[in-house]
Amino acid sequence: LGIIIGDLPTGSFNAITDVTGVRVGHTTLIRGDGPLIIGRGPVRTGVTAILPRPDSPWRRPVYAADLTINGNGEFTGLGPVRRTGILGGPILLTDTGSVGRVHDGGVQWALARDADAFDGAVRSDPVVGETWADFLNDTIGRHVGSVEVARALTAAADGPVAEGCVGGGTGMRAFQFKAGIGTSSRLVPAGKADSDG
């Protein structure tokens, strides 16, 4: 649309994947129409997976922190990050009802790749953030699980990132408009430290 926000230039993809090594993948679930039948649909949901490293994140963790903006959303798995300032697992975004199942799927994914993933000094727990999709989705049906999580993590790639009604953003809305999931990046100049400190 040609809308430019802020003064800083974007990275080449204008996405989180402008950070070297970061990968993003989505699994999108769309099925059913008509009135809500809990456990059947309609289903408009999914999961978005963010891997901070191209290899097993528990072997080379990254520094991390969280910031609460509106205080309403669930973000499970942040305990180790808050205690240590280190993230050793993937970041997953999904609808409210599926947060627990997606966390379990992230643990299963890690253990399938490395049976010792949880034996090191760094906790490899995934962190799972909530997206509210109840307007269009059978939230109580909990349709996202370990299969969808593994698919999103396996599909995670660098480069351009699909945005909008994909993955964890499939059923979202904002300000009464259909919304979705997004990403962006900004190039920030960093000065050199002088020789005195």
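**Figure 1. Arginine 173 and the ring of phenylalanine 135.** In this predicted model, the charged end of arginine 173 sits over the ring of phenylalanine 135, 3.6 Å from its centre (a charge sits over a ring if NZ of Lys or CZ of Arg is within 6 Å of the ring centre and within 35 degrees of the ring normal). Phenylalanine 135 also forms an edge-to-face aromatic pair with tryptophan 132, at 6.2 Å centre to centre and 85° between the planes. Rings of Phe, Tyr and Trp (its six-membered ring) pair if their centres lie within 6.5 Å; planes under 30 degrees apart count as stacked, over 60 as edge-to-face and the rest as tilted. Phenylalanine 135 is partly exposed at 37% relative accessible area, and tryptophan 132 is partly exposed at 40%. Buried means under 20% relative accessible area, exposed over 50% and partly exposed in between (1.4 Å probe, protein chains only).

The model is predicted: local features need pLDDT of at least 70, side-chain atom pairs count only at pLDDT 80 or more, and totals for chains, interfaces and linings use all residues. Residues are numbered from 1 along each chain as its sequence is written, and side-chain values use heavy atoms, with hydrogens and water left out.

**Figure 2. The aromatic pair of tryptophan 58 and tryptophan 109.** Two aromatic pairs are found in the whole structure. The ring centres of tryptophan 58 and tryptophan 109 are 6.0 Å apart and their planes stand at 80°, so this pair is edge-to-face. Tryptophan 58 lies in the loop between strand 2 (43–51) and strand 3 (62–63), and tryptophan 109 in helix 2 (residues 99–113), so the pair ties together parts 51 residues apart in sequence. Helices (H or I, at least four residues) and strands (E, at least two) are DSSP runs, numbered from the N terminus. Tryptophan 58 is buried at 4% relative accessibility, and tryptophan 109 is buried at 8%.

**Figure 3. The salt bridge of arginine 59 and aspartate 114.** Five salt bridges are found in the whole structure (a side-chain nitrogen of Lys or Arg within 4 Å of a carboxyl oxygen of Asp or Glu). In the bridge between arginine 59 and aspartate 114, the closest N and O atoms are 2.4 Å apart. Arginine 59 is in the loop between strand 2 and strand 3, and aspartate 114 in the loop between helix 2 and strand 7 (127–131), 55 residues apart. Arginine 59 is partly exposed at 47%, whereas aspartate 114 is buried at 15%.
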